[in-house]
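Here is a short tour for anyone with the sequence and the coordinates open side by side. Have a look at the fold first, and then read on.

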Amino acid sequence: MLKNYKIIIIGFCAAILAACSGNSSIPDTTNWELGEFQYINQDGEQVGLEDLKGEVTVVNLIFTNCTTVCSPMTANMARLQRMAGEEELDARFLSFSVDPEVDSPEVLKEFGENFQADFTTWDFLTGYSQTEIEKFGPENFKTIVAKPKNGGEVVHGTSFYLINQDGIIIKSYNGLDVPYEEILEHIKILEDQQ
């Protein structure tokens, strides 16, 4: 009789553990494929989709002359980068300029330095036309990128995007009110799946 109870209890515990492990996946995924690209970073080096393969990457869209959301978003990304480092996660970070004709590599490097960006794992990208980024943003990140013809500031999304090791955009997050712990947990899940 006691033996039967032990078997039932062991079976019950196994079922609970199986259910818990099934909840470790990332909810509400987007699963958008990131298109091919080959641009230059703040050091004038080529960075493309192939460079991201095999790594978990967090991406945002910014520009250096922005007077509203870009500085807070960049500060938030810098904080996320530091937190990922403290947790010994191998995440990579990427910021696409949405004003590439103004944001040269030198300008982007100075901008990143203002936020203590660690350039060993964070690239600020430029080296494409305004038309190109206005097409690339909506096609890949499902967000607007538009520079007004009358000279106003570039309109763009404020999300952070999590990209897996295969170049798939897994999820987007608020880049101004950042759910840091959630993003870090999702990075861990992706790293554990590799």
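Is Ala84 buried or exposed in this model? With a relative accessibility of 1%, Ala84 counts as buried, because buried means under 20% relative accessible area. Please keep in mind that the model is predicted.

## Ala84 and its surroundings

Ala84 belongs to helix H3, which covers residues 70–86. Once neighbours within four places in sequence are set aside, Ala84 is in contact with Leu89, Phe93 and Leu184.

Ala84 and Leu184 are 100 residues apart in sequence, yet their C-alpha atoms are 6.7 Å apart in space.

## The chain as a whole

Stepping back, the chain has 6 helices and 10 strands. It has 194 residues, of which 45% count as buried. The chain exposes about 10000 Å², and carbon and sulfur atoms supply 52% of that area.

How far apart in sequence are the residues that touch? Taking contacts between residues at least 6 apart in sequence, 71% join residues at least 24 apart. The pair Ala84 and Leu184, 100 residues apart, gives you an example of such a separation to look at.

## Strand E9 and its partners

Now turn to strand E9, residues 159–163. Since 4 of its 5 residues are buried, E9 is largely enclosed by the rest of the structure. Strand E4 (residues 57–62) runs antiparallel to E9, and 3 bridges join the two.

E9 and E10 form a hairpin with 4 residues between them, and in the turn Gly167 has a positive phi of about 80 degrees.

## Thr57 in strand E4

Thr57 is found in strand E4. Is Thr57 buried or exposed? Its relative accessible area is 0%, so Thr57 is buried.

Leaving out residues up to four places away in sequence, Thr57 touches Leu52, Arg92, Phe93, Leu94, Tyr161, Leu162 and Ile163.

Helix H5 runs over residues 130–141 and has 12 residues. From its first C-alpha to its last, H5 reaches 16 Å, close to the 16 Å expected at 1.5 Å a residue.

Which residues of H5 are buried? They are Gln130, Ile133, Phe136, Gly137, Asn140 and Phe141. Viewed down the axis of H5, these buried residues fall within an arc of 120 degrees, so they line one face of the helix. An α-helix has 3.6 residues a turn, so residues three or four places apart point the same way. On the other side of H5, Thr131 and Lys135 are exposed. Just after H5, Lys142 takes a positive phi of about 55 degrees.

## Cysteines and disulfides

How many disulfides does the model have? The count comes to 0 disulfides, where a disulfide is a pair of cysteine sulfur atoms within 2.5 Å.

Cys66 is buried, with a relative accessible area of 9%. Cys70 also counts as buried, at 0% relative accessibility.

Key
Residues numbered from 1 in each chain as written. Predicted model: local features only at pLDDT ≥ 70, side-chain atom pairs only at ≥ 80, totals over all residues. Heavy atoms only, no water. Buried < 20%, exposed > 50% of the residue type's maximum accessible area, 1.4 Å probe, protein only. Contact = heavy atoms within 4.5 Å. Expected span 1.5 Å × (residues − 1). Arc of directions from axis to C-beta. Areas by Shrake-Rupley, 256 points an atom, 1.4 Å probe, with all protein chains shown as cover. Pairing = 2+ DSSP bridges.
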